[in-house]
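This report describes a protein model for a reader who meets it here for the first time. Please view the sequence and the structure before reading on.

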Amino acid sequence: MSLKLLQGDWPHVPIAKVYGRLIRVNGLVLEAVGCQLGMGDRCRIEGRHGRLIEAEVVGFHKDVLCLMPIEPTQGLMPGARVIPITEVRTVAVGDGLLGRVLDGLGQPLDLFGKLSGVTQQLPSHSSYNPLLRRPITQALDVGIRAINSLLPVGRGQRLGLFAGSGVGKSMLLGMMTRFTEADVVVVGLIGERGREVREFIEQTLGEEGRKRAVVIAAPADTTPLMRLRAMVLSHEIACAFRDQGKHVLLLVDSLTRYAQAQREIALSLGEPPATKGYPPSAFAQLPRLVEMAGNGEHPVGTLTAFYTVLTEGDDQQDPVADAARAILDGHVVLSRKLAEQGHFPAIDINASVSRLATQVAVGEQLAQGQVIRHLLSRYSEVRELLPLGGYQQGQDLEMDLAVRHYADIAAFLKQNTDENIDLPSSLTQLTQLMDIMGYEQQTPR
């Protein structure tokens with residue numbers, strides 16, 4: 001025995017390890033007793049053949065812990081041992097993430113082996129002092145003519161893409177992924193079809209786009225907690241790159257699936273539904289998540305976020321859409337009517353808004369955009385009368401201008417999926433459209 005041990009410098013040995021045990025499975029919720037864990041703490045449940053299933057504490061009742069598993073629970077048995085996880089959760093950060101596809105736990109889903117060229121760090125704080133956030137003053141080029149010219153976006157803005165199913169959200173998201181000026185693109189595919197993950201990587205991102213992208217995928221067949229973890233992880237990785245001084249683009253498809261996952265958990269815990277089946281906690285989590293995005297304290301790094309929001313039945317007053325509209329910095333609404341006419345991207349300009357347009361627009365951009373909006377509004381008043389011959393020219397010069405140049409405006413708003421129109425070109429073409437319409441001579445009142 002060494003002299004050091006004889007002098008009483010003994011190593012620390014824990015007296016005992018405390019384990020809990022599983023006592024009940026209630027729907028999606030597992031109930032356990034016997035170990036002290038707090039809200040958000042993690043544990044592992046020992047299943048058949050030594051399989052360990054990770055779970056998280058999502059609630060408690062007296063001395064009973066309510067656990068939500070992060071993976072399927074096949075093989076769990078009554079009295080299964082619950083093992084607390086004492087390690088602090090960390091997030092892998094570094095250029096080694098670029099080109100990789102991860103799950104909600106940060107583990108690789110691709111076939112490229114273990115992560116390399118990364119460091120482990122504590123997750124970013126979910127909230128910031130609002131006075132320390134750097135203001136948004138620089139325009140962001142997204143490569144979409146309609147958005148660049150009429151819905152200008154700033155670096156650090158958080159924007160929603162609102163649409164029903166099959167209207168072109170994913171297509172527009174893919175165009176932004178390829179065309180937007182950014183050092184790093186973080187893509188969160190949350191709760192969507194598993195088929196779309198590979199299609200997005202191979203067809204939408206492509207070989208070049210993948211070199212600067214990190215994809216976090218949690219398809220619809222994963223557990224609700226895995227979908228929540230994947231959403232938070234995509235924000236944490238994006239924040240880490242932003243805090244390194246990089247321009248980051250975060251694309252999430254979709255925010256609605258995140259809210260639905262939170263609804264599944266809350267309802268399983270017995271929380272009463274409030275609005276169309278959504279419990280209050282589902283709406284409380286949305287601003288906490290969205291506030292992670294945006295600019296932080298770094299003098300150079302920016303984080304711009306685009307969230308797709310599914311409006312069920314094309315209802316713009318859908319609870320999730322209404323809540324998202326209130327906490328985001330603008331919204332782009334996709335119209336099913338335009339999509340059925342073959343107008344892509346099917347952006348409804350008059351229903352869309354960028355709340356930072358006045359801060360990032362240049363020159364006559366705002367005034368020209370108001371002209372386009374006004375003419376589209378006037379044209380919508382007589383759209384249904386035109387096939388019937390119910391509109392006669394000459395009675396309203398402003399209406400005549402809208403009807404005569406609607407085709408020009410529609411052509412300006414259309415764009416092929418493989419066509420990248422940068423910000424300077426978008427503004428130049430907007431000015432050319434004004435010239436075609438005789439804007440200076442016939443400015444609408």
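## Report on the predicted model

Apart from neighbours within four places in sequence, Met39 touches Val57, Val58, Gly59 and Phe60, where contact means heavy atoms within 4.5 Å. Met39 sits in the loop between β2 (29–33) and β3; helices (H or I, at least four residues) and strands (E, at least two) are DSSP runs, numbered from the N terminus. Met39 and Val58 are 19 residues apart along the chain, and their C-alpha atoms are separated by 5.9 Å.

The model is predicted, so local features need pLDDT of at least 70 and side-chain atom pairs count only at pLDDT 80 or more, while totals for chains, interfaces and linings use all residues. Residues are numbered from 1 along each chain as its sequence is written, and side-chain values use heavy atoms, with hydrogens and water left out.

**Domains.** An automatic or database domain assignment supplies the domain bounds. The protein is divided into domain 1 (20–84), domain 2 (91–358) and domain 3 (365–437). The centres of domain 2 and domain 3, taken over C-alpha atoms, are 31 Å apart. Their contact takes 25 residues from domain 2 and 26 residues from domain 3. Between them, domain 2 and domain 3 bury about 2200 Å², with 55% of it on carbon and sulfur atoms; buried area is the accessible area (1.4 Å probe) that two parts lose on being put together, summed over both.

**Salt bridges.** Side chains of opposite charge can pair when their charged atoms come close. A salt bridge here is a side-chain nitrogen of Lys or Arg within 4 Å of a carboxyl oxygen of Asp or Glu. The structure holds 24 salt bridges, but the count between domain 2 and domain 3 is zero. Asp322 forms a salt bridge with Arg325, and the closest N and O atoms are 3.2 Å apart. Asp322 and Arg325 are separated by about one helical turn because they lie three residues apart in helix α8 (residues 319–327).

**Pockets.** On a 1 Å grid over the protein atoms alone, a pocket is an open set of points where a 1.4 Å probe fits, with protein on both sides within 12 Å along at least five of seven lines; lining residues have an atom within 4 Å of a point. Grid points are joined across faces, edges and corners, and a volume is the space filled by probe spheres set on the points. For the classes in the table, Ala, Val, Leu, Ile, Met, Phe, Trp, Tyr, Cys and Pro count as nonpolar, Asp, Glu, Lys and Arg as charged, and the others, Gly among them, as polar.

| Pocket | Volume | Lining by class |
|---|---|---|
| Largest pocket | about 1400 Å³ | 24 nonpolar, twelve polar and eleven charged residues |
| Second largest pocket | about 550 Å³ | six nonpolar, nine polar and eight charged residues |

The largest pocket is lined by 47 residues, of which Glu56, Arg89, Arg229, Val232 and Glu236 lie nearest its centre. Elements giving two or more residues to this lining include β4 (52–61), α5 (224–242) and α6 (255–268). The largest share, seven residues, comes from α5. Domain 1 and domain 2 each provide at least three residues of the lining of the largest pocket.

The second largest pocket has 23 lining residues, and the closest to its centre are Lys169, Ser170, Met171, Glu196 and Asp253. Both α3 (169–179) and α4 (194–210) supply at least two residues of its lining, and α3 gives the most, with six residues.

**Backbone features.** Asp253 is joined to Ser254 by a cis peptide bond with omega of about 10°. Ser254 is found in the loop between β15 (247–253) and α6. A cis peptide bond also joins Phe344 and Pro345, with omega of about -5°; Pro345 is placed in the loop between α9 (336–340) and β18 (353–354). His49, a residue other than glycine, has a positive phi near 60° and is located in the loop between β3 and β4.
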